Amino acid sequence: MKKIVVLISGNGSNLQAIIEAQKIGKISGQICGVICNNMEAYGLTRAKNANIQTFVFLRKNYESNLAMDLAIAEQIEILGAELIVLAGYMKILTPEFTRQFEGKILNIHPSLLPKYPGLNTYQRAVSAGDKEHGMTIHFVNEEVDAGAIVLQAKVPIYADDAIDDIISRVVEQEHRYYPLVIDWFCSGRLKVINSKAYLDGKALSEKGYAADE
């Protein structure tokens, strides 16, 4: 059973979804630690309620982003984690960190990448008049939100939608599919080879496994 470390910055709703999936045996892995860069994050409470070790790393305590990432990397190595799951971790990882754990970092992003990398994806989609939005689960590389895509799920945008309506639909998809992809990795079905994602030995398309196909 593979060990998983989850990196968070805030509420931790995806962390909770992963914890619940693990409890009922839907993930063939075990969360061995939760790492956070925000002492006030509610996700830390979620982890403690599930008896998961927590570790807080604050940027102000390190001379550089790299120094902080090296400290986090050292903790991950001590934990023996084989998969790093970014679940609302609001800090860009340094290239040195991503290279050290190449092929072992998953991220979830609230847009249909390569559309809308970075922040404010919902507002950008509404401002552009988009009829759909969604989420992307991908491997992490040195470029922000640009690693090999594993899975995407789309949701509609209706004319009378508030931003919160769209967020609610996307988050529902995140909670449904992130544990699934994590299980794919933990069970050995999902790998990244030469910057391309493979599921069951077959290369996925550039947009990954589409949940609506």
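**The largest pocket and beyond**

Analyst: Let me begin with the largest pocket, which is lined by 36 residues, and of these Gly88, Tyr89, Met90, Asn107 and Ile108 lie nearest its centre. Please keep in mind throughout that this is a predicted model.

User: How much space lies in the largest pocket?

Analyst: The space in the largest pocket comes to about 840 Å³.

User: And which helices and strands supply at least two residues of its lining?

Analyst: Helix H1 (13-23), strand E5 (105-109), helix H5 (121-127) and helix H6 (163-186) each supply at least two residues of that lining. Sorted by class, the lining of the largest pocket has 16 nonpolar residues, 15 polar ones and five charged ones.

User: Changing topic, where is serine 9 found, and is serine 9 buried or exposed?

Analyst: Serine 9 is found in the loop between strand E1 (2-8) and H1, and serine 9 counts as buried because its relative accessibility is 9%, which is under the 20% cut-off.

User: What does serine 9 touch?

Analyst: Leaving aside residues up to four places away in sequence, serine 9 touches Cys36, Asn37, Asn38, Ala41, Gly88, Tyr89 and Met90. With one of these, asparagine 37, serine 9 has a side-chain to side-chain polar contact of 2.6 Å, while a polar atom of the serine 9 side chain lies 2.7 Å from the backbone nitrogen of methionine 90.

User: How many disulfides does the structure hold?

Analyst: The structure holds zero disulfides. Taking cysteine 32 as an example, the closest cysteine sulfur is in cysteine 186 and lies 10 Å away, so the two are too far apart for a bond.

User: Are those two cysteines buried or exposed?

Analyst: Cysteine 32 is buried, with a relative accessible area of 13%, and cysteine 186 is buried as well, with a relative accessible area of 7%.

User: OK, on to threonine 136: where is that found?

Analyst: Threonine 136 is found in strand E6 (residues 132-139), and with a relative accessibility of 0% it counts as buried.

User: Which residues does threonine 136 touch?

Analyst: Not counting residues up to four places away in sequence, threonine 136 touches Asn107, Ile108, His109, Ser111, Leu112, Leu113, Ile149, Leu151 and Gln152. Its side chain reaches the backbone oxygen of serine 111 at 2.6 Å, and a polar contact of 2.9 Å joins the side chains of threonine 136 and glutamine 152. There is also lysine 207, which is 71 residues apart from threonine 136 along the chain, with the two C-alpha atoms separated by 8.7 Å.

User: Where is there a cis peptide bond?

Analyst: A cis peptide bond joins leucine 113 and proline 114, with omega about 10°, and proline 114 has its place in the loop between E5 and H5. Tyrosine 116 is also found in the loop between E5 and H5, and its phi is near 55°, a positive value in a residue other than glycine.

User: Is tyrosine 116 buried or exposed?

Analyst: Tyrosine 116 counts as buried, at 13% relative accessibility.

User: And what about the phi of asparagine 194?

Analyst: Asparagine 194 has a positive phi of about 50°, although it is not a glycine. Asparagine 194 has its place in the loop between strand E8 (190-193) and strand E9 (196-199), and it is exposed, with a relative accessible area of 76%.

Definitions and conventions
Residues numbered from 1 in each chain as written. Predicted model: local features only at pLDDT ≥ 70, side-chain atom pairs only at ≥ 80, totals over all residues. Heavy atoms only, no water. 1 Å grid on protein atoms, 1.4 Å probe; cavity = no way out; pocket = protein on both sides within 12 Å on 5 of 7 lines; lining within 4 Å. Points joined across faces, edges and corners; volume = space filled by probe spheres on them. Helix = DSSP H or I, 4+ residues; strand = E, 2+ residues; numbered from the N terminus. Nonpolar A, V, L, I, M, F, W, Y, C, P; charged D, E, K, R; others polar. Buried < 20%, exposed > 50% of the residue type's maximum accessible area, 1.4 Å probe, protein only. Polar contact = N/O pair within 3.5 Å; in protein donor to acceptor, adjacent residues only side chain to side chain. Contact = heavy atoms within 4.5 Å. Disulfide = S-S within 2.5 Å.
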